[in-house]
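Please read the report below alongside the sequence and the 3D structure, which are shown first.

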Amino acid sequence: MGVNRRDFLKITGLGTLVGVGGKAAADLVFKGQVEAQEARPNEGALVGKRWAMVVDTKKCIEKIHKDGCKDCSIACHTVHNVPDFGNPKDEIKWIWQDTFEHICPNQHHPFTSESLEGAPFLALCNHCDNPPCVRVCPTGATFQRDDGIVLMDFHRCIGCRFCMAGCPYGSRSFNWRDPRPFVQNAREDFPTRMRGVVEKCNFCAERLAEGKPPACVEACKVKALIFGDLEDPHSEVREVLHEHYSLRRKPELGTMPQIYYIV
Amino acid sequence: MIDKALIGGRKYYGLIAVLLGVIGVGVLCYLWQFFYGLGITGLSRDVSWGLYIAQFTFLVGVAASAVMVVLPYYLHDYKAFGKITVLGEFLAIASVAMCMLFIFVDMGQPLRVLNVLLHPTPNSVMFWDFMVLTGYLLLNLVIGWISLDCERKGVAPPKWIKPFIYLSIPWAVSIHTVTAFLYAGLPGRHLWLTAILAARFIASAFASGPSLLIILCLIVRKTTRFDPGKEAIQTLAKIVTYAMSLNVFFLGLEFFTAFYSQIPGHMHPLVYLYAGLEGHGALIPWMWTSTALAAIALILLVNPGTRKNENILAFAVVAVFFSTWIDKGMGLVVGGFIPNPLEHVVEYTPTLPEVMITLGVWAIGFLILTVLFKIAVTVKEEAAS
Ligand code: SF4
Ligand code: SF4
């Protein structure tokens, strides 16, 4: 069975690694029309049919109120070489905090319970099941894998920013200038980006491929972030969603976000 | 025919020199942007499209409006437009060229632009926009050039050109419809998510494009021996009048839907644009200028007495041009991003280099236009003598 480079990236989760060796490796393997056996995920990789995340906002808010916790953002931004420009105009962020009324504008009302009013909520890419960013991208640089993860191919992106206009959650950032001087202690195992391309949360596709959970999930000390496969009826995400009432951001838009907030 | 662009008077060379100067500054600023990144603009992750895409959107309209001279002439045999169809087509060429340049300067990775063709994605409206704009450019190049060449030789245009001319009519509508679809299909951008957007785009296009054509006709008459004709100009003026009335009417529809329904998301961008939101209102003076210009222009245009006076008409169409430029150029594109998806109000102000690049692209457009018009007018002068 023939496998092209894109499928190869999709299957192996190398999509995000194209910046370092991944692209070269994929090009080597698939230069011309080399026939390959069906590619399989790495041994020990976490595989799922529909990845999703549940945020237990009670635990999260409590922790933030207690010590101003930013563990998840720091972990994510560190492993993904997210630059820190120190100004809002150039800002790039993958996972960050805002308040309940900004994360869920339609759910907020003047008598919102005290625990939610002004409470910190996490924002990140929703890995929408019906993602408008993928629909609008004119190059396929933004694409969705079969397991639902919405990924970026930094080498294909032309920087038109149609996806930023298309994302109704403000999940995407653009490299307005060369980010590399602003990455502290850049890690070798994840690509840094060049100027002029878009980036966002990748649900740690590169870590899943190694059998590890997303960095934010691992970093959270109060286990407020639960990650798992919604298609698996015995998964923890399914269980907690079954037991608690949960919200999604702007559900009326039909994007089917896969980040669930237990309130 | 190219040779006709090379011989001209002092004014012609002077104009070209000025345009080249502006282009030079634009190119230098673009080089800066090229090596630094789009960070030299005022754009941010909240307002991620600005001046460039606004110009692109506006100019697609100007390009499409060529159909307003082509259609009456070829489908209704309206003779008065015979003299100016080629001017309309050449205006379209210059406009599409500017559109493409504005897209280009807006790209983060301009050298990868061919990825749009290498990885065709029919689900993306931008892919289609790319296609229809290129097609429209080619159509107008072929039609404009062949017709003018025949005029020069004093022969009738070849038969095979007819199907292309007919094709160019729906094609013109398509470029602006597809451009509207870039915006109108995005969930969560309330200012854009409106079924009437394509209709609005076309109405404002048929107001602004013919307005510019009237101005150009008046300039041509003043500076050359070619007279586009009073009747042609008056008919264009009527087209502007109807189109501008529709444009204002359509805008009114947006206000009604937003404010009668009282849906906050639909009201916010309009409130931001015209009254300011959470203490931010950078665009308020612009939007009210646009409104005032539209009102004045409509009064002067609807009234036959003032419309028939070419001096007043000139003023009115300049007003239409700037009114629609502000409304569609700045208001629509920037307003769509404010407030942002998390309902924060983050504003946008273009920077100086960004403005210089924008002017540079306009100057390239005008250079193309000047050269093409020079050729057309010289041919017409010679044919007449
Ligand atoms: S949240 Fe935005 S970026 Fe993420 S998948 Fe949905 S539309 Fe795309
Ligand atoms: S900026 Fe890149 S990822 Fe986004 S739509 Fe354009 S090409 Fe696709």
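## Helix α10 of chain B

In this predicted model, helix α10 of chain B spans residues 264–274, and its buried residues are B:Gly265, B:Met267, B:Pro269, B:Leu270, B:Tyr272, B:Leu273 and B:Tyr274. Buried means under 20% relative accessible area, with over 50% counted as exposed and the range in between as partly exposed (1.4 Å probe, protein chains only); helices are DSSP runs of H or I with at least four residues, numbered from the N terminus.

The cover over the buried residues of α10(B) includes α9 (230–261), α11 (284–302) and α13 (310–335) of chain B. Just after α10(B), B:Gly276 has a positive phi of about 90°.

## Surroundings of the two ligands

Ligand 1 is surrounded by 14 residues (each with a heavy atom within 4 Å), the closest being A:Cys125, A:Asn126, A:Cys128, A:Cys133 and A:Cys167. Its shell divides into 9 nonpolar, 3 polar and 2 charged residues, where Ala, Val, Leu, Ile, Met, Phe, Trp, Tyr, Cys and Pro count as nonpolar, Asp, Glu, Lys and Arg as charged, and the others, Gly among them, as polar.

Around ligand 2 there are 14 residues, of which A:Cys137, A:Thr142, A:Cys157, A:Cys160 and A:Cys163 are the closest; by class, this shell has 10 nonpolar, 3 polar and 1 charged residues.

## Basis of the values

Residues are numbered from 1 along each chain as its sequence is written, while chains are lettered from A and ligands numbered from 1 in the order in which they are written. Local features need pLDDT of at least 70 and side-chain atom pairs count only at pLDDT 80 or more, whereas totals for chains, interfaces and linings use all residues; side-chain values use heavy atoms, with hydrogens and water left out.

Conventions:
Helices (H or I, at least four residues) and strands (E, at least two) are DSSP runs, numbered from the N terminus. Contact means heavy atoms within 4.5 Å.
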